[in-house]
Amino acid sequence: MTRILAIESSCDETAVAITEDGKLLANVVATQISVHEKFGGVMPEIASRLHTENITVCLTQALEESKLSLEDIDAFAVTRGPGLIGCLHVGLQAAKTLAMLYNKPLIPVHHLAGHIYANEYVGELQFPLLCVVVSGGNTEFVIMRDHMDFEIIGETKDDAVGECYDKVARVLGFPYPGGLPIDQHAKLGEHTYPLPVPASPDGKYDVSYSGLKTSVINLVHSLEMKKEPVRVNDMARSFQDVAIGMIVDRAMEAAHEYHVKQVILAGGVSANSYLRSEVKKHLEGTGIDLIIPPLWCTTDNAAMIAKVAEKLYERKVFAPLTLGVDPNWRIDHWAEFGDSGKPEVK
């Protein structure tokens, strides 16, 4: 019997989860959205301070829900990166302290791997597969040929798609986070505004969102200067068609080129209803399986970190207590940690 306690604190959610042989016993999440929405985005310093206030509360509640004590835990897992450096430090220091006090292994988990493996709460992963990782900080197309085998075949060269959504939402007068209001208003509008479709910057599966974001902002400002009304529903629809269209087009081409058995969505933007429906529509009749995560898996949580930790525990991938965070940790470098920076997979 293996019991893992996982901690997630990469951005604006403090989370603690506990699993027992793969069964989720507790999944506690303290969100900070109500604090950051007044700023139109996450304030890193405030987020870090709130993590320090919430971590003990979440830890206590998770233990109560699981009916376990810290002595019952076999390993402590934590998000090492990517994310906001101050936020990551809070979770890491908590996990390192617990691992030291109870003399248990410390498992470093990649945040995006967590989003990918959250899909295991829905169904079994079938290899080779394509992961479409879309969030506020990341946009990547990842091929997996086996468990914990990640190859990035495409990524954003500037803004992440979720970041682009938030900035466009702000100029349209929508609240933070911007994904849901744009998705809702887009359903009420038509694609009437001519917005450019950015070309692939380097590789054919790379994307760029900076130009699209700038085009929307400039168009809105131009209309306002001319005293012309901005049809927000139409603007939301025009933007979303282009933003999601880039992801769907590349995902479908990659799925066929790499002869994948399955496509999975991961990350906060995977909650977008248009992305879900478009991917499902394009995969119909292809024989390629699709896993769409439940909404509770799309936002940051520790249950997804625990799911990855289970795989790493089996492989005895443990970190030294000298482990540091890595805000820019690449998913294809997930085994690199420790003072040497060399893979320490055993």
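What is the relative accessible area of Lys-204?

Reply: Lys-204 comes out at 45%, which makes it partly exposed. On that scale buried is under 20% relative accessible area, exposed is over 50%, and partly exposed is in between, using a 1.4 Å probe and protein chains only. Two housekeeping points first. This is a predicted model, where local features need pLDDT of at least 70 and side-chain atom pairs count only at pLDDT 80 or more, while totals for chains, interfaces and linings use all residues. Residues are numbered from 1 along each chain as its sequence is written, and side-chain values use heavy atoms, with hydrogens and water left out.

Lys-204 makes a salt bridge with Glu-253, at 3.6 Å from N to O. Because Glu-253 is in helix α8 (residues 232–257) and Lys-204 is in the loop between α6 (179–186) and α7 (210–225), the pair ties together parts 49 residues apart in sequence. Glu-253 is partly exposed too, at 40%. A salt bridge here means a side-chain nitrogen of Lys or Arg within 4 Å of a carboxyl oxygen of Asp or Glu. Helices (H or I, at least four residues) and strands (E, at least two) are DSSP runs numbered from the N terminus.

That pair is one of 16 salt bridges found in the whole structure. Asp-241 is buried at 15%, whereas Arg-237 is partly exposed at 28%. Elsewhere, salt bridges with shared partners link Glu-155, Lys-157, Asp-206, Arg-330 and Asp-332 into one network.

Helix α5 (residues 161–171) has a pair of this kind as well: Glu-163 and Lys-167 lie in it four residues apart, about one turn. The closest N and O atoms of their salt bridge are 2.8 Å apart. Both ends are partly exposed, Glu-163 at 26% and Lys-167 at 29%.

On to the sheet. Five strands make an open sheet with mixed pairing, ordered β3-β2-β1-β4-β5. Two strands pair if DSSP finds at least two bridges between them. β3 (23–31) and β5 (106–110) each have a single partner strand, so one side of each edge strand has no neighbour in the sheet. The twist averages 20° from one strand to the next. Strands β1 (residues 3–8) and β4 (residues 75–81) run parallel and are joined by four bridges, with Leu-5 opposite Phe-76 in β4.

Two helices go with that sheet. Helix α2 (residues 44–66) lies across β1, β2 (13–20) and β3, at about 25° to β2. Helix α3 (residues 85–102) touches β1, β4 and β5, and its direction makes about 155° with that of β4. Contact means heavy atoms within 4.5 Å; axes are lines fitted to C-alpha atoms, for helices over the stretch in contact, and angles run from 0 to 180 degrees between N-to-C directions.

Leu-101 belongs to helix α3 and is exposed, at 59%. Together with Met-100 and Leu-321, Leu-101 forms a nonpolar surface patch of about 320 Å² accessible area. Patches take residues with over 30% relative accessible area and no salt bridge, joining like charges within 9 Å and nonpolar side chains (Val, Leu, Ile, Met, Phe, Trp, Tyr) within 5 Å. The areas come from the Shrake-Rupley method with a 1.4 Å probe; for residues, only the protein chains shown count as cover.
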